[in-house]
There are 2 protein chains.
Amino acid sequence: MSAFEETYNGVPLSKLFPEERPGWKGYVEWEKYPERKRIAAEILKSKKFSGFPEFQLEPLPKTNPVLIGHRWKEYHEALGLKSIVDFSWETVQKEKHDMLHLLDFPYNGETRPQYLLGDGKITQNKHHFIRNHGGVPEIDEDAFELEIGGLVKTPIKLCMKDLKDPNKFPQAEVTVTIQCSGTRRREQIEVYPGDGDELINAPWGEGAIGTAVYRGVPLKKVLKYACGGVLPEAKHLEFIGADTYFKKGEVFNYAVSVPWRKVRNNEEVLLAWEMNGEPLPKIHGGPLRMVITGYIGARSCKWVYRINALEEPSMGPVQRQEYLYYTQQVGKQNVKISNGFSIQAMPVSSAIISPKDGNVIIHDGKIALKGWAYSGNGSWVERVEISPDGGHVWYAVPPENLTKKHYHAWRLWEMEVPVDAEGWLEFCVRTWDSSNNTEPTYVRSAWNWDLHVTSSAHRIKLYSVNRSRPATAARLKQLEERGKSFFPLTEPLEFTVEPYEEYEAVCKLNPREPED
Amino acid sequence: MSAFEETYNGVPLSKLFPEERPGWKGYVEWEKYPERKRIAAEILKSKKFSGFPEFQLEPLPKTNPVLIGHRWKEYHEALGLKSIVDFSWETVQKEKHDMLHLLDFPYNGETRPQYLLGDGKITQNKHHFIRNHGGVPEIDEDAFELEIGGLVKTPIKLCMKDLKDPNKFPQAEVTVTIQCSGTRRREQIEVYPGDGDELINAPWGEGAIGTAVYRGVPLKKVLKYACGGVLPEAKHLEFIGADTYFKKGEVFNYAVSVPWRKVRNNEEVLLAWEMNGEPLPKIHGGPLRMVITGYIGARSCKWVYRINALEEPSMGPVQRQEYLYYTQQVGKQNVKISNGFSIQAMPVSSAIISPKDGNVIIHDGKIALKGWAYSGNGSWVERVEISPDGGHVWYAVPPENLTKKHYHAWRLWEMEVPVDAEGWLEFCVRTWDSSNNTEPTYVRSAWNWDLHVTSSAHRIKLYSVNRSRPATAARLKQLEERGKSFFPLTEPLEFTVEPYEEYEAVCKLNPREPED
């Protein structure tokens, strides 16, 4: 006990909130100890914390990390858990490379565009986005134990060795796109700001999505072979993660659930320990995480160490009062959690990754675009369409320009779109999935107070310079002859764009004023 | 043999194309006899038939039946199958009540709006829509036999008694919405006409959808218990119906397929013999039909008498070259069947059933609307929203105003929407399903050459007369005092709407012309 350690009724915090299992660093058990939760709430209530950060009403800082999680760090520190905060950032340094750090703690990192499409359809582990809700626990695989209880025939505990034993459980390898429901949230904020949540709803762009091959065992098989099955009244499976979570002054372990109907579909709900052929990185939930195909990423619980079969969906705050989809008329003035429905399966969506919004494109009548397209819930991407005119005319991406179909993963696409027009144009992408669902046309169509699931057609503005038009070709040649670049677009030209003799000749043909 | 019966090489048609099974009227086997198909094609080629009907470029006839299937009847007659045509219409008379007959043969009948919502969420058998692709065979249940073959361990034949024996196969009762992909096609035609298919793509309104409780056995269980399962290479189940089908001068039995992945989900693919507690009506496929939940109605093969486990989807024309979803840029000038993707699972959609498009509504600040909302593929309806202003502001239908959730059936809804504005307003409905998918905003968003799956927000025009506005209340009172109706809207008023003294007083306050 350090000389300066805080105490509660004379008991040091580390004794009140201990790391009680050898080999499980950064893990505090909250759910089994109501008294511990009560004391933590009392301590939190007695302290002052930094204000909630405001980042929607002003331009985002250009720093990296973009936002700092002061308040969430202070919550941890108030309970003597500063080492959790420190380990999170250390793990980012070790396991991640060149991310856009949207929030330093809890760590939220976005994949940069060049890595989203750069390595084929699989996102490398070091580039895959992260949306954590708390710190990163460091759990020794040999000390790790998964507990399964609730409405199962036989509650059990399993070590990793048991789980990984192919004689005990059949293994599966599934290519899965995991997406945060905050993907492309920036677009909603740009139209109308929304919820200022305690746990920052990060201003994600198009990179809060990624695809990996996960190896593990279907939860269904573990329930069947190890627990003798679930009881008939079990309708939901709750996953408890080793991370610490805060909500409205209370403290929890991360908890979410998915329906038994989903778990029944074998490879759609995995207990996974491997990601792209490598051991699951700590920051991605190692040694063990859930992988729920076609669902919002928040259900793919990391560091899952307890599973409960329940009659009802989990009452953990992440399941009950977050990741809800509200209507446009619900907001600060009237919101109740019962107004929203739970975001579980994900809809069809897509994004243009290249070129970037605002780019100037010099072309010969065609502009090349690239991006991703995804649909959840076992629906696959059937068709991707690009509009070069804000959504009136659509061009289908030829099938050979899409990566192959997956039940649970995105398709990357690329296309050269015919473009005659010049100047600022609005390009958009929309996708049709195997259920014939497509995306709403405008951001407003899907705007919601919590700023989740930005599923409308993704739009970017491009400035088109069509070199196959003689006047444009001539201008570009003029610039080239003078050793000048067309860029930046807004830099004034230094030479007269039309010699006065030519101008006068035109005036003779088309007089400047009426003749009578 | 009648003295006037036509012959082919001296053989009468009834011998060439016989009803070969006792108790199976109106059924000719084509798929097992390539020579029979060849001769039929030759006969068809040698005859002249009525032209293809045009009904998209002019207003629809106000008759009932709306369209007459001359050509399809003539195809049947050319092969000596006129009795099939006659029996179809006789069955309509017997089994159906007060339908909008869109096409008399093959019979296409739409449920009228009052029956869509009139009996709660279940559509009565006599009112449920029908979209047949050929005649109605009349098969004696005791003579009926289902054959299962292809890539199964043990090919078998089953009689209805076997199928209905609960000791042989576990039964299931499922509430299922079946929808024709032509539902609301009228809206697409009104914007731009499309495919003039040989088999008329009927101009359906909002009533090509209905909900019933089907009883039967999951196909999965029949394959498992009667056939010992499917072989590992079996990826699709093909269903052959006893009806005769024509395409590009050739003749077929109706054939479609669904993936084994779908069949695996137990109650999602049923062999059904009961509809809303009654024996399956003949016109609905009695004695036995497929019921495929969440899929386009065309897969729920009627009079199914053969099932084949296949490696690939069925090559029957209905599966291969119809019910395809094309892009906006595909049409008569360039269409190939490989341009479209197969419509199987259905997207989220909805319709306003009351009031009717074009109605005048006198109200006190609120207008009541009713309708249906549906999503396929096991997704359920989470939220229905109404816009009274063409799609800018949306009101969520309160949860208590929706019938209960089903995995495979629609929800009916009703709502009083606050309306201040007067005059012509555009109301629309859109639905969000459990995968967070919603409907495109405009008909153009989802227009396609084959005019399938009109999934955009359904729009109706209403003329709003808001009695809570004093000027409107006064006008209505004036009419009432004179014993006059406000209807029809376009009937001129016979009295001066504003006494000249009042008008002059107003002119003094607001001069008619500038004063300087």
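**Backbone and charge pairs**

A: Happy to! At 0% relative accessibility, Leu451(A) counts as buried. Keep in mind that this is a predicted model.

Q: What is the phi of Leu451(A) like, positive or negative?

A: Positive, at about 60°, although Leu451(A) is not a glycine.

Q: And where does Leu451(A) lie?

A: Leu451(A) sits in the loop of chain A between helix H11 (443–446) and strand S27 (458–466).

Q: Which other residue has a positive phi although it is not a glycine?

A: Asn266(A) has one, with phi about 35°. You'll find Asn266(A) in the loop that runs from helix H9 (260–263) to strand S14 (269–275) of chain A.

Q: Why does Asn266(A) count as partly exposed?

A: Because its relative accessibility is 23%, and partly exposed covers the range from the 20% limit for buried to the 50% limit for exposed.

Q: Let's switch to peptide bonds. Which residues does a cis bond join in chain A?

A: A cis peptide bond connects Asn64(A) to Pro65(A), with omega about 10°. Pro65(A) belongs to the loop between helix H2 (34–45) and helix H3 (70–78) of chain A.

Q: What about the bond from Ser354(B) to Pro355(B), cis or trans?

A: That bond is cis, and its omega is near -5°. Pro355(B) is in the chain B loop between strand S20 (349–354) and strand S21 (360–363).

Q: OK, charges now. How many salt bridges over all chains?

A: The count comes to 62 salt bridges over all chains.

Q: Can you pick a few? What does Arg36(B) pair with?

A: Arg36(B) forms a salt bridge with Glu20(B), and the closest N and O atoms are 3.0 Å apart. The two come from distant parts of the chain, 16 residues apart: Arg36(B) is in helix H2 (residues 34–45) of chain B, while Glu20(B) is in the loop between helix H1 (13–16) and strand S3 (24–25) of chain B.

Q: Arg36(B), buried or exposed?

A: Arg36(B) counts as buried, because its relative accessibility is 11%. Glu20(B) is partly exposed, with a relative accessible area of 36%.

Q: Nice. Which residue does Glu206(B) bridge to?

A: Glu206(B) bridges to Arg186(B), with the closest N and O atoms 3.6 Å apart. Glu206(B) lies in the loop between helix H7 (185–191) and strand S11 (209–218) of chain B and Arg186(B) is in helix H7, so this pair ties together parts that are 20 residues apart in sequence. Glu206(B) counts as buried at 16% relative accessibility, whereas Arg186(B) is partly exposed at 33%.

Q: And how far apart are the closest N and O atoms of Arg430(B) and Glu385(B)?

A: They are 2.8 Å apart, and the pair forms a salt bridge. Arg430(B) is in strand S26 (residues 423–433) and Glu385(B) in strand S23 (residues 381–387) of chain B, so the bridge ties together parts 45 residues apart in sequence. Arg430(B) and Glu385(B) are both buried.

Q: Which residues are linked in a network of salt bridges?

A: The network links Asp197(A), Glu198(A), Lys247(A), Lys248(A) and Glu322(A).

Q: Last topic: what does UniProt list for residues 342–462 of chain A?

A: An unreviewed UniProt entry lists them as "domain: Moybdenum cofactor oxidoreductase dimerisation". Over that stretch, chain A is 3% helix and 44% strand, and the end C-alpha atoms are 36 Å apart.

Notes: Residues numbered from 1 in each chain as written. Chains lettered and ligands numbered in written order. Predicted model: local features only at pLDDT ≥ 70, side-chain atom pairs only at ≥ 80, totals over all residues. Heavy atoms only, no water. Salt bridge = Lys/Arg side-chain N within 4 Å of Asp/Glu carboxyl O. Helix = DSSP H or I, 4+ residues; strand = E, 2+ residues; numbered from the N terminus. Buried < 20%, exposed > 50% of the residue type's maximum accessible area, 1.4 Å probe, protein only. UniProt positions renumbered as here; feature names shortened; annotations may be inferred.
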